[in-house]
Amino acid sequence: MAISPGYFLRETWSSFRRNWVMSLVAVSIIYISLLLVGAFFLTSSVLNEIVSSFEAKVQVQVFLKDGALPADVESLQADIQKIPNVKSITYITKAQALERFKERTKNTPQLVEQLRGNPLPASIEVALSKPREVQGVVDAIVKDANLAKVVKNPDDPLASDIRYGQNVVENLFKATGIVRVFAAAFLILLLVVSLVLIGNTIRLAIYSRRREIGIMRLVGASNWFIRTPFLLEGVLQSLIGSVLALLTLIAAQAFIVPWLQDNLKFLPVSIGGLTVAQLAALLIFSGILIGLLGSGTAVRRYLKV
Amino acid sequence: MISMKNVSKVYVPDKPPALTDVDCEIAQGEFVFIVGHSGSGKSTFIRLLMRELIPTTGQITIAGQDIISMKSWKVPFLRRNIGCVFQDFKLLPNKTAYENVAYALEVIGKSRHVIATQVPEVLRLVGLEDKTDSYPDELSGGEQQRVSIARAFVNRPPLLLADEPTGNLDPATSLGIMSLLNRINKTGTTVLVATHDREMVDSMRKRVIALENGRIIRDQSRGVYGYGD
């Protein structure tokens with residue numbers, strides 16, 4: 001049978017146009033639900049970034065005794081560099097430590113004036129690629145043979161020579177973990193609810209045309225011939241709804257993100273290109289999928305004539 | 001053309017069947033009225049032939065094809081060879097008169113070119129050449145029925161079934177519909193009309209199959225509706 005794809009495209013478009021009330025209802029429901037899903041997706045990605053920035057502050061500091069030999073310090077640095085999960089290390093000299101201290105206490109300069117000489121130790125700062133697994137890095141540093149040569153208290157380095165905010169770290173990760181789990185659960189819930197809602201709307205639109213489907217069967221139309229325009233119509237509705245939602249979100253974040261950055265200077269608020277790409281994929285893919293599923297299952301029911 | 005052997009149809013078990021032991025042969029090119037009161041089984045008779053229903057027992061063949069054991073994916077192909085006209089017209093509400101007729105051709109994969117020549121031709125045959133762009137709700141009952149006859153006839157099916165085609169129409173309009181069906185019959189199409197329109201049947205003098213309580217009580221060529229019942 002020679003039926004051109006053009007026939008189905010024309011048929012889909014004219015049916016979309018002539019059932020415009022139902023099409024409009026379906027498109028707006030798809031639009032609103034995907035808008036909600038998308039808005040929450042962006043919010044949680046910003047939230048996630050903020051949480052990550054807190055976690056990134058977790059680092060290990062190793063304080064060195066004043067007379068430590070540069071060769072020993074260097075070999076310790078080399079050893080630390082080899083520990084997995086270590087992202088980078090920075091050597092902070094005594095002078096740099098004093099600089100930082102001055103910077104931090106610039107409101108009360110008399111504190112620095114009282115100092116005689118420079119009591120602050122030099123240190124090695126270790127940044128981690130997986131802050132959550134900080135304990136493993138600490139353990140590896142403690143075991144290192146070179147450590148004993150450069151710290152004040154080699155018998156128990158954890159007492160004062162290595163610092164990584166032991167208690168804070170644990171609580172921080174508990175809190176960020178909870179935030180992440182809730183955000184993910186809520187996003188999934190929202191997604192499921194909107195997909196069910198969209199599916200039902202499309203089914204309702206087809207339900208209102210069930211008589212038509214029966215007539216098509218009686219005229220001798222095969223199932224796929226009847227189904228194809230309905231499927232394409234469902235996809236068209238979803239596509240319009242999801243693209244509109246996507247455009248609205250992109251436009252909205254262009255206003256909201258700079259405003260947040262101005263008002264919450266201490267928080268790193270930003271939405272990257274990758275996040276927007278993920279959002280587009282999420283909205284359009286789930287839109288098309290539910291358009292197909294919703295119209296497919298609905299038509300199927302009325303094809304039994 | 002059509003052969004029914006011992007056909008019975010039971011809708012609800014333990015209730016009287018809609019059709020009981022119906023036997024009949026209808027030859028190619030015949031014009032046949034199926035008459036009877038409402039509830040006598042006329043509609044069931046027609047719907048069995050469209051395979052909208054499957055009989056409880058019995059055999060039905062159309063053009064040598066057993067339509068009961070037929071696979072359901074083949075049913076659309078059967079229906080393309082049977083034009084159907086209904087009491088309630090069954091037009092697609094979102095399509096114009098032209099598009100409703102064209103749909104029957106699109107379904108069988110005819111090219112746009114063929115559609116563009118055949119549809120106006122058949123609309124002219126039923127006298128609706130100036131209503132091609134009207135939607136069903138903008139047409140009168142008689143006009144809608146003519147659209148549905150045009151749709152049923154546009155692909156020149158060998159068999160045309162009509163279930164109470166004049167049931168919703170006034171007598172003058174009914175006459176027009178019947179003469180249209182008669183003209184279609186003259187082109188060689190077998191036509192079956194289920195009706196309880198007494199005057200129509202009496203005036204046309206065609207073969208009449210009378211049903212009562214689901215049984216054939218009379219089958220005569222050049223018959224009338226009934227003997228004063």
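**Entry 1: the sheet in chain B**

I looked up the strand order first: six strands of chain B form an open sheet, E6-E7-E8-E3-E9-E10, with mixed pairing. Two strands pair if DSSP finds at least two bridges between them. Helices (H or I, at least four residues) and strands (E, at least two) are DSSP runs, numbered from the N terminus. Strand E6 (82-85) and E10 of chain B are at the edges with a single partner strand each, so one side of each has no neighbour in the sheet. Direction ignored, neighbouring strands of this sheet are turned by 15 degrees against each other on average.

I then noted the helices on the sheet. Helix H5 (residues 141-153) of chain B touches E6 and strand E7 (159-163) of chain B, and its direction makes about 170 degrees with that of E6(B). Helix H6 (residues 171-186) of chain B touches E3, E7 and strand E8 (190-195) of chain B, and its direction makes about 155 degrees with that of E8(B). Axes are lines fitted to C-alpha atoms, for helices over the stretch in contact, and angles run from 0 to 180 degrees between N-to-C directions. Contact puts the C-beta atoms of two residues, placed from the backbone, within 7 Å.

**Entry 2: model and numbering**

I recorded that this is a predicted model, in which local features need pLDDT of at least 70 and side-chain atom pairs count only at pLDDT 80 or more, while totals for chains, interfaces and linings use all residues. Residues are numbered from 1 along each chain as its sequence is written, and chains are lettered from A and ligands numbered from 1 in the order in which they are written.

**Entry 3: strand E9 of chain B**

I checked both partners of E9. Strand E3 (residues 31-35) of chain B runs parallel to strand E9 (residues 207-212) of chain B, joined by four bridges; Val32(B) stands opposite Arg207(B). With strand E10 (residues 215-220) of chain B, E9(B) pairs in the antiparallel sense over five bridges, and Leu211(B) is opposite Ile216(B). E9(B) and E10(B) form a hairpin with two residues between them, and Asn213(B) in the turn has a positive phi of about 45 degrees.

**Entry 4: two helices in chain A**

I found helix H1 (residues 5-18) of chain A packed against helix H11 (residues 223-263) of chain A at about 60 degrees, with their axes 9 Å apart.
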